[in-house]
Amino acid sequence: MNLNLLCRINGVWVMLNGISAIVMPDMWFNMAGLEASNAAYAAAGGLGVAAFSLGLISWRTVDIAGDAIKSYGMLFGIAHGLFLLLALYQMATGLFAGPPAYMQIVTSLILALGFFYYSRSSK
């Protein structure tokens, strides 16, 4: 595996999550044991568009970053680290639980570590 492939995998994963937030928000809320309001559906749609956009950026980074690919990899690693911290905080406060929480933690950890590993300087 290399950073280019990891960016593509990340792009697909994040875009799929974005699409699911847009077209299947009930799945997100039900799996987390949350009740959804109209405001929650609107927020899920906004999150879905933002996630899809970030996935598209990750996918295209391979083609446009050039020598800066490692810098972009570090940024993606930081973003996944932030999602990891958010999931842990939400679990600690009782807002987020169950399989979606564990899946978020595992995928964020794997992707963050992968981006940090493949973005490290070889000097």
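Trainee: At what angle do the axes of H3 and H4 cross, and within what distance do they come?

Mentor: They come within 10 Å and cross at roughly 155°. Axes here are lines fitted to C-alpha atoms, for helices over the stretch in contact, with angles from 0 to 180 degrees between N-to-C directions. The model is predicted, so local features need pLDDT of at least 70 and side-chain atom pairs pLDDT 80 or more, whereas totals for chains, interfaces and linings use all residues. Residues are numbered from 1 along each chain as its sequence is written, and side-chain values use heavy atoms, leaving out hydrogens and water.

Trainee: Why is H3 called roughly antiparallel to H4?

Mentor: Angles under 35 degrees count as roughly parallel, over 145 as roughly antiparallel, 65 to 115 as roughly perpendicular and the rest as oblique. The angle for H3 and H4 is roughly 155°, and H3 is therefore roughly antiparallel to H4. H3 also passes H4 in a left-handed crossing (the near helix is turned anticlockwise from the far one by less than a right angle; clockwise would be right-handed).

Trainee: Which residues make the contact of H3 with H4?

Mentor: Leu54, Ile57, Ser58, Thr61 and Val62 of H3 meet Ile69, Tyr72 and Phe76 of H4, contact meaning heavy atoms within 4.5 Å. By class, six are nonpolar, two polar and none charged. Ala, Val, Leu, Ile, Met, Phe, Trp, Tyr, Cys and Pro count as nonpolar, Asp, Glu, Lys and Arg as charged, and the others, Gly among them, as polar.

Trainee: What is the angle between H1 and H3, and how is their contact divided by class?

Mentor: H1 and H3 pack at about 160°, with axes 7 Å apart. That angle makes H1 roughly antiparallel to H3. Their contact divides into 15 nonpolar, nine polar and two charged residues.

Trainee: What is found where H1 meets H5?

Mentor: The axes of H1 (residues 3-23) and H5 (residues 99-119) come within 10 Å, crossing at roughly 155°. H1 is therefore roughly antiparallel to H5. On the H1 side the contact residues are Leu3, Leu6, Cys7, Asn10 and Trp13, while H5 supplies Met103, Thr107, Leu111, Gly114, Phe115, Tyr118 and Ser119. This contact has eight nonpolar, four polar and no charged residues.

Trainee: What makes the span of H1 agree with expectation?

Mentor: The expected span is 1.5 Å times one less than the number of residues. For the 21 residues of H1 it is 30 Å, and the end C-alpha atoms are 30 Å apart, so the two agree. H4 (residues 69-92), with 24 residues, reaches 35 Å, close to the expected 34 Å. Helices (H or I, at least four residues) are DSSP runs, numbered from the N terminus.

Trainee: Why is Val49 put in another class?

Mentor: Val49 has a relative accessible area of 48%, so it is partly exposed. Val49 is in H3. From Ala21, Val49 is 28 residues away in sequence and 8.4 Å away in space, C-alpha to C-alpha.

Notes: Helices (H or I, at least four residues) and strands (E, at least two) are DSSP runs, numbered from the N terminus. Buried means under 20% relative accessible area, exposed over 50%, partly exposed in between (1.4 Å probe, protein chains only).
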